[in-house]
Structures are given as structure tokens and as C-alpha cells.
Amino acid sequence: MNKRRCDVAVIGSGPGGLAAAIAAKKNGAEDVVIIERDFEPGGILVQCIHNGFGVEIFQEDLPGPSYAQRFIEEARGLGVEMMLDTMVLEAEPNRRLFTTSKGGGIQEIEVGAVVLAMGCRERTRAQIRLPGTRPAGVYTAGTAQRWVNVEGFMPGKRFVILGSGDIGMIMARRLTFEGAKVERVLEILPHISGLMRNYVQCLQDFDIPLQLQHTVTRILGRDRVEAVETAAVDENWRVVPGSQEVIPCDTLLLSVGLIPENELSRQSGVKIDAVTGGPIVDDTFQTNVPGYFAAGNVVHVYDLVDWVTEAGFRAGKSAADYALGKRGKPGHMTAVRAGENVRYAVPHRIDPSSLAMEEIPIQMRVIRPIEAPIMIEALVNESVIARRGQQYARPGEMVTLPLKPDLTDALQKADTITVRVRQQ
Amino acid sequence: MLDFYDVIIIGGGVVGYMTARFLSRYKLDILLIEKEEDIGSVTSAANTALVHPGYDPVPGSLKAILNVAANPMWTQLAEELQFSFERCGDYVVAVGEEELPKLDELFKRGKQNGVQGMHRISGDEMRKREPLINPGTSGALYAETGGMCDPFGVTIAAAENAVMNGATILRNTAFEDFIIENNRIKGIRTNRGEFRCRWAVNAAGLYSDRVMHRAGVRPDFEITPRKGEYLVLDRAEFELKSVYFPVPTEISKGILATATVHGNTILGPTSNELEDKKDKSNTAGGLEEVFEGGKKLIPALDVRHVIAIFAGLRAAGNAPCQAPGVDYNHDFIVEIPDEVGGFVNLGGIESPGLTSSPAIARMVVDLLKDAGKKLEEKKDWKPVRPARPRFRDLGREERLALIDKDPRYGRIVCRCETVTEGEIIAELNSPVPPTSYDGIKRRTWLGTGRCQGGFDMPRMTEIMARELDTAETGVSKKGSGSELLMRRTKDVPEAQDE
Amino acid sequence: MNPTRNASGDLPREIICVACPKGCRLEAVRENGQILVTKEGCKRGIQYAVREIEDPRRMVASTVRVSGAMHPLVPVYTEEPFPKVLIPKLLKKLQEVRLDAPVQMGQVVIRDALDTGINVVASRNLN
């Protein structure tokens, strides 16, 4: 078996992984390897052919593959090695990895620091326990996206989409562009889960009806989907009697949520936050296992890829520091707690001495939308130490509160900092 | 393929294939016909996967006799056919004092049926053995001889062993009628032609009633499909240590919470009588009932850990037990009837059908011998069917050796279940190869994990198209009519509106 | 409340502004040859609403066929927002494109598409 060493190993070559590898190199790690299970790098960006990427980082409106290529070229240019078509079989707490591939067989890699950047998988039909038959034609939106945009196949002709997440809405447009008919988009909540811009440009533009507070109650069709039964629901997701409708179609796409892909993380002993589904991390994106870092959607689901890149940079630099022995000893850590109307906040822990050197953003998502000016606040022992106003807050859009270095003292003295979002 | 067979077996579930396997020991030309596109894809593929000790069936019934006779056979069978089997024992768990008398009943029944290795254990002992069990557990019946298997794995192993020993299997071949001459079955008519035989065996499961009626046998016998729904829970979240039954009700053994040979936890089944022999759909009510039933045994269950749902159909029959003095109306039929010659009739094989399958097969052999059929043993009968390697089960050295032989074992196609391209190709080249995505899924466990095929499907359509030499749009989920893809992205159909 | 026609006979239209993620609902109507935006709207919003009525445009992303490459399709996009009313025609044109590998990111796939002055370019390298 091939044995080797490297300074930093990045698992996944999506935006998080690419950024981490680049930052690791730039911060002194010499031997940086990206391990990618697909034949080519780019991760999920390979199939996200629509625009909307890079607005913050490049001030450009790029399609996913272009955004990815910029970083792929930079990574290659810096000498980052890429193991493609390669899967990590095992990730041990002592940072020994075992990989497998057709070309290379099984390899053992001893790693200075690991960056977990595996992204997400999609919530499945079984996970929402959707009743009915189990025919061909029930797919998650991402799987359909891969087929339509990369392999070049249409999985159906007449679609119903469950879930108004961004992937679902974007696929509604994509499928319509390629000559299919999207009959309906259904959303169980009273508001869309994704961005308003996608509602306008993907559904409204094409007169695709969106039904809020509706869901699919049953799949019909033995060998292939023939129709879906739908119904209206109340705020407790209970079916409104008599509201059932049967919509003939041949494909049901599910866009009902992303779940961080943390099997490998668990293997390595990384503790997972039950709310985010991702590792518990500190402000350097290190997990509870020394030398294991995590960046991007594997930590929590981001809304803009630009912020994933930013997180990747941070994690990559931290990984390089660790691998080179430059990471300082952990001192006092302040816990970050999700308070009023905050579903989760990341990072989970902050080292006040990091804050002394640079701003640390606390990223969160609200539980309930507030369509009025809001205030995001950070409190220590009931006093507000940082605040920021925004026009509104929605669960579908990440909310950020930057902590500035002048708060270092306040944090040094605090065990916990609580973040909350209230109407002004 | 011949025109004339010694034995034609109608129906390709675990009973049919086990019978074929046991008969393949003798110098017989054996044909098994199966109407589905793949073997064992109906009842045998969707059940609780248990090998029962035999304390549950009514004493004196054929179910009881065959269950208890079959149970010890599984150890050798698993070694020979090399399917996944664990004799972990099973538990009937009483929750609350009022359920304890039911355990006594089962214990007594077990003794009557000749079940060995049963023990009464206390609530405390049960909690020690399974920390997740309901804290209100008052006691349990522990039966050492219980076990769990991969039911489809058993079926395919038996089928392959039969084929290895000369049997022929025809899929997509549906029985239509018997050819009867001089009151003896001389052949069968199918949708793919006629086949002559000396003996026909009815192993048609859900359709066993229709088959036997065609032979003029038991016109009052009726199969009522009984649907059972299941939930599968993620092994990464927690694992149960064994098989846990609730105390039984009148109709069924109840909703279990059980470990599986895959490592996942299954909850189920429900029990709903249907009219439609093809209705395997899941229902909102059924799934809720499954979860609530599971929670009675394991209160810590979290519905967010569900990774798969499915349903199976039992062939529940209405045959009265033949033994005198036994009052039971849903017994197995395993007989050579008087009404017509050349016919071995199996019917109503529901639970404990999987467990009893080797004993049923052995009984078919005995029935044929008793009826005067000459059965000469093959000197070169191969009882062992070598299993193909499962990458996920192998140690590092074994994996390296496998990849050395064929680098395609180094490429993982299903991430959640660690299934490699090498294994998929091995299945596609196996004695009874799969022809659909579900066929590969049943054989390799690909696509049964957390992402339920989300990652592997695009890879699979490419691999299957290549290996089966078909267009990707020809790759199906479970046979013709269930193709996964409809067209190429840029091949727009002719009629396009503006 | 039923929208009432104005003197020019036009109905006011509700427009969801996507100039920023907030997604305000504006109302715009053509009156006397001019476009009036009522019901809130910041400066960017007014600009957006006026453009939506006069000359709605969208970034268009799709795929075109390529031969001799790792994949059968390469993603492409319009370099600038494209006139919405011409999008169906553009999609038809994209159907007919056949490229050969290798493709470069930024490579012009359709120059001056439908006389708009806007190029459709490849989103990535593809070998």
C-alpha cells in the first residue's frame, strides 16, 4: 500500500475546499493535497451553471463553473495537488487517512492538518416519510440538476417540485429552458425557503404556479410516477381536509433541504451540532479534534458561495498554522449561544485572543421571518456588546454579526456570548 | 433451455428457489419461471428478515412443524450458500406487568412446538442487555435460536446455487395455465411459450391461489394480500443489539424494533389486508403506526433518523390445518393433492415462510420420493455457492488484494454504503444477473443508505448503460416501464410550441 | 381591491423588486408615456421597476452540445442581462450549437446573439 505524508489534506474540492487549499498554501504549508471523489474539481459548482456567484468577492455575476475555475486555476498555480476520482475511506482522529481510487488503489496518508469540506447531501423522500408508491421518477433536485447539466439527460417531461428552496426553483427554470413542463411548485411553509430573486426569475417569469402552505401527500404510479396527490396544510403542517388535488406528472423533484455530509467527520471523532448537522467549530474553524478543521456547507448551509470561500480561506490558514506548529495554545474560550429567534450560530466558540487580531463574524439563521427592520445583538451577561441593524430577517438568508477587535476584553471576561434577533 | 423438464417450479421467491436448490441435488432437469424482471423481488425482498425460533405458530400446525424443523438448518445453510445470517437470538418484550402473562403463553407454546433454548428474563436483565429498551419493561422471553438474515441475499444465493447445479431460471415468464392430460399435469403454458414437465411445483406466493385453481385444486382457497409497512433507521445514529418483538396480538406478531445484518434498525411491519395483490404503497397512517409501535419498545427513537421506507406483501391464506384437533385456519399448504397428478402444491406461505423455506424445500423432496418419483443424487452436486466479496466487509489487506486483481474495486460508486464499481460489474456478470437499478440495489446494498441513491444514480446509469450495452435512457429502476431517464437534454421532441 | 385603469388605459402592475435581496413589492404603471412607480421603492427599486416594464432583461445560463470532451454538454451564459422577450429564440439557437473540444472559459459561443450585441460565452474549460 502506498504510504505518504502531506501537510494539509482537504477533503472536497468545492468552493470551501478550494479556498482552504489555496489559503493553506499561501500560509506556508508546502504539501497541500485536495481529495475529490469526482473526476474533476469544483464540487457542486460543476453542476450549478446559473449565475449569482462572485457578486461579493469579485463584484461579478458569474455562473458556478466559472467561479470554480478561478479557484481551480489559482490552486493549481500554487502547486496544490489534486487526487481526483478518489474517496476517503477512513479518517482517523490521529489524522491518518485512507483513500481509494481506481487508478491509485488504497493509499495511506499521514496528514499534518485536515480540512473537512465535503459539503451537503439532500434530504430524501424517505426522510420526509412521503407516502405512496415507490416508482421511478422521484428524485432530489440536485440529482436531477447533475443529470440535466452534466451528464446531459432529462429525467422527465412533466414535473412537480416539492419545496421552494433555491435548488428547486432554479431547476424549475432549467427544466423549462430545456423543453419540459413544470406544473407546480409546492412549499409547506407560508413563505418561500429560498431567495426572492429566484422566485421572480425562475417561477414568476415562467408562470409556474407556487402554492405556499401546500405539500405532496402521496405519490401515485406503479412503475413510473403518474401523478402526485397534493393538499393544503395549516401552520402545524396538518392537512386541511378536502383540499386534496391530484396533479398528473411523470417526475417529482424534492427540494426539501440540505444536510451537511459528516460521516467522515464522525469517524474521526468530530462532535456534531444536532441543530446545524455540522461540526462544532471555533473561530478558526477547528473542530473538537485537534488538527481537524471544517469549512463550507459541511459546517452549516450557507446562502452565498462567497461566504463559503471566505470560511475556506480562514480554515485553510488555520490548518496550515496547525500543521506548521504555529498554532497558539488554547486559552479561555467563549461559548456562543443561540438566543431569541436564532436557530443556530456559528462558530460555536470564540478565542478572544483571535478577536484581538481580526474581526470574527458570527453567522446565524433566524427561526421566524421578520419583514420589518430588525436588530441583531450580541449579549454578555445581559448587556448588549455589539449590534447591527438590518431591513428584515428571513430563515432563507444567513444573518451575520461581525465582532470587532475592540470587544476582546469583554469576551475575555465572559463564558458565554448570546446572539439574538429582534424587531426594532 | 429445454422443452421438457422433470420439475417446473412456478414462482421465484425464497420458497421457489430454496426448493430448486434442494432439488438440484438430484439428477433432474429443473426449470423455475418467474413473472417479474428479477428474482425474489416481491415478498422475499420486503419482510422483517427474521429466522424465527418457532414459539409463535399454533402447536400442531404445519407452520409450527416446519418452522421448528427449519430453524437449526440455517447454520449449515448460511455456511454453504454464504449469505448474511446472524443467530443473535430474539426477545419478546413485555411492557408493564399486565403483559407478562402473554410471555407465559408464548413460552408454553414454544415448549409444545419443541423449541429449545428459551429463557424467561426479568425487566432488569432486559434493560442490561438492551439499554435502549423501554424502561417500563417488566420482563422478556429470550429465545437463543432466533436470528436475522438478508432475505434477498438468501434468495439469490439459493437461486445461484440451483443454477450452478444445472437448474434453469426464466424471468419475465408468467404462468398462464396447466396442460393437463389424463388428469395429470403434463406441462405449463406461459406468456413465453409452453414447457412440458413431469412435475409442477406451485411456489407462486401471492398468486398461489390462482395457480392451484388452474389445476382444479382447492377452489375455496384464497390468498389475501396483507401489507406490512416498514421504516429503516440510520445505523450511524444508534444500533440495537438484537431483535425485539412486542407481545403479540390476535392478528400478527406486532411491530418490531430490530437490528439487521446491514447494521441499520428496522421498525415494522403493520398488518393491513388488501384486495390488490400489487399494492405495495406506503401510507401516512401506516408509517405513523410503525413509528408509534417502535417507540413502545424503544422510546428513544427519533423520527429524524429514518432513512428509508418500504412495504411488503404477505401471502396470507385461509387453509385449515390438516392435523386433527388443531383449530387453525391460516396454515401452510405443502402437499401433493389428489385432484390432479404431477403437482406439488405450496400455498399460504406467509410468516414463518422465510424461516421455514429450507424445511419446505426438504419436504417437497420427501413428498416427491413418497409419490414414487425416482430421485438419484448427483455425485458432483455442489452445495457451496461462493459469495462475491463485499468491499465494505473486507479488511485492509483483503481490499488491497481485491483492487490488485481488478482496479475497479478501488472506485467507490455508493458512498453511503461503500459499494465499489468492481462489485457492481461482478453482479452484472453473476449467474442470475440483475437487469435493473433495484436489482443491483438488492444484491449490493447500493443506494440503501442515507442519500438513497442521490449520489450514486448518475454514476449507475452510466455504468449500467455501458455494461448492459444499452442507452442510458434504457436503464430502469425495476424493469420495462420504469426507466430512470427520459431523453437526452438536447434531444427535444418534435412538436414544440413557441 | 381591483386595480383601476388610468387615463392611458393601462393597468398597474405589481413588481417584486430583486435589485437587492429584500424583495419589496412595487407597483408600476405606464401613464402618459411615462412610467410611474408607486407603493414604496428606493432609487434602485424605481430604476429596476422602470426597466422591468420598458426593457426587462435576464442573465441566461444554459448548456450546448460539445463533442470529443469529457462531458456531452458545456455550460454557457450571456455576458450581460439579455432581453427577456428574446430568450425563447436564444434558447432555440443554443439548441443548434455544436462545439468541439477543447473549449475555453470565456470562449465566444454565439457572438452578438440575435443582434443584441451580447455574446454567449462558455462558463468553463472543458477538455
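**A walk from a strand pair to the cores**

In strand S8 of chain C, C:Leu99 is the bridge partner of C:Val66. The model is predicted, and local features need pLDDT of at least 70, side-chain atom pairs count only at pLDDT 80 or more, while totals for chains, interfaces and linings use all residues. Residues are numbered from 1 along each chain as its sequence is written, and chains are lettered from A and ligands numbered from 1 in the order in which they are written.

Strands S5 and S8 of chain C run parallel and are joined by three bridges; strands here are DSSP runs of E with at least two residues, helices are runs of H or I with at least four, and both are numbered from the N terminus. The two belong to an open sheet of five strands in chain C, ordered S8-S5-S6-S10-S9 with mixed pairing, where two strands pair if DSSP finds at least two bridges between them. Strand S8 (98–100) and strand S9 (108–110) of chain C form the edges, each pairing on one side only.

Chain C is divided into domain 1 (13–54) and domain 2 (61–122), with bounds that come from an automatic or database domain assignment. The centres of these domains of chain C, taken over C-alpha atoms, are separated by 30 Å.

Turning to chain B, helix H12 (residues 437–444) is largely enclosed by the rest of the structure, because eight of its eight residues are buried, a residue being buried if 20 or more other C-beta atoms lie within 10 Å of its own, exposed if 12 or fewer, and partly exposed in between. The buried residues of H12 of chain B, among them B:Tyr437 and B:Arg442, pack against helix H6 (151–164), strand S22 (419–420), helix H11 (421–428) and helix H13 (456–467) of chain B. Just after H12 of chain B, B:Trp445 takes a positive phi of about 75 degrees.

The largest nonpolar core has 175 residues, and those with the most contacts inside it are A:Val8 and A:Val115; such a core is a set of buried Ala, Val, Leu, Ile, Met, Phe, Trp, Tyr and Cys residues joined through C-beta atoms within 7 Å. Helix H7 (residues 305–323) of chain A gives the largest share of this core, nine residues.

Methods
Contact = placed C-beta atoms within 7 Å.
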